[in-house]
Amino acid sequence: MARGYRTSDSKRYYDWLYYAAIDLRVAEMLAGDRHCYNSIAFHCQQAIEKGMKGYLLWKRNRLYDGHNLPFLCKQSMQEDKSFAKWLPVCVQITRYYIEARYPADFLLQLDADTAKDVTADTEKILTLINDLVKFDFNSYRPKKPH
């Protein structure tokens with residue numbers, strides 16, 4: 001069975017960009033705790049994923065499923081070549097979706113510098129997306145439930 005998006009996923013691209021910004025904010029809030037560096041990487045992965053899904057929804061009016069940042073980046077590159085420089089970052093950060101959250105025999109343990117770099121790269125990617133889409137987190141008001 002082919003994977004598809006959940007029917008409850010928003011089809012409003014600004015919602016995706018709003019939640020991407022929240023994930024980045026969470027990552028930034030965790031920066032002061034060395035025990036949270038892996039969680040920072042996870043939230044950055046989530047922010048980029050949501051940002052690119054929002055961008056692609058804006059450009060293609062299509063929701064994408066999955067967590068593969070290189071795939072999402074390549075799709076975004078087809079719409080705007082400026083995403084190409086972020087492909088290597090997306091390859092690296094995709095590892096954090098699983099490896100940063102679950103114990104393993106070979107534990108991924110990020111250090112302060114890596115957590116800082118991942119956060120900075122995430123901010124730059126979201127800035128690119130927000131500039132292209134003309135999204136401003138501070139002026140956006142999420143749709144209220146009925």
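Modeller: Gln46 lies in helix α2; helices here are DSSP runs of H or I with at least four residues, numbered from the N terminus. This is a predicted model, in which local features need pLDDT of at least 70 and side-chain atom pairs count only at pLDDT 80 or more, while totals for chains, interfaces and linings use all residues. Residues are numbered from 1 along each chain as its sequence is written, and side-chain values use heavy atoms, with hydrogens and water left out.

Colleague: Why is Gln46 called buried?

Modeller: Buried means under 20% relative accessible area, exposed over 50%, and partly exposed in between, with a 1.4 Å probe and protein chains only. Gln46 has 12% relative accessibility, so it counts as buried.

Colleague: What does Gln46 touch, not counting residues up to four places away in sequence?

Modeller: Asp23, His67 and Tyr97; contact means heavy atoms within 4.5 Å.

Colleague: What makes α2 largely enclosed by the rest of the structure?

Modeller: Of its 24 residues, 20 are buried, so α2 is largely enclosed.

Colleague: How do you know what span to expect of α2, residues 37-60?

Modeller: The expected span is 1.5 Å times one less than the number of residues. Helix α2 has 24 residues and reaches 34 Å from its first C-alpha to its last, close to the 34 Å expected.

Colleague: Why does Asn130 count as buried?

Modeller: Its relative accessibility is 18%, so Asn130 counts as buried. Asn130 is placed in helix α6, residues 112-133. Leaving aside neighbours within four places in sequence, Asn130 is in contact with Leu17 and Phe135.

Key
Helix = DSSP H or I, 4+ residues; strand = E, 2+ residues; numbered from the N terminus.
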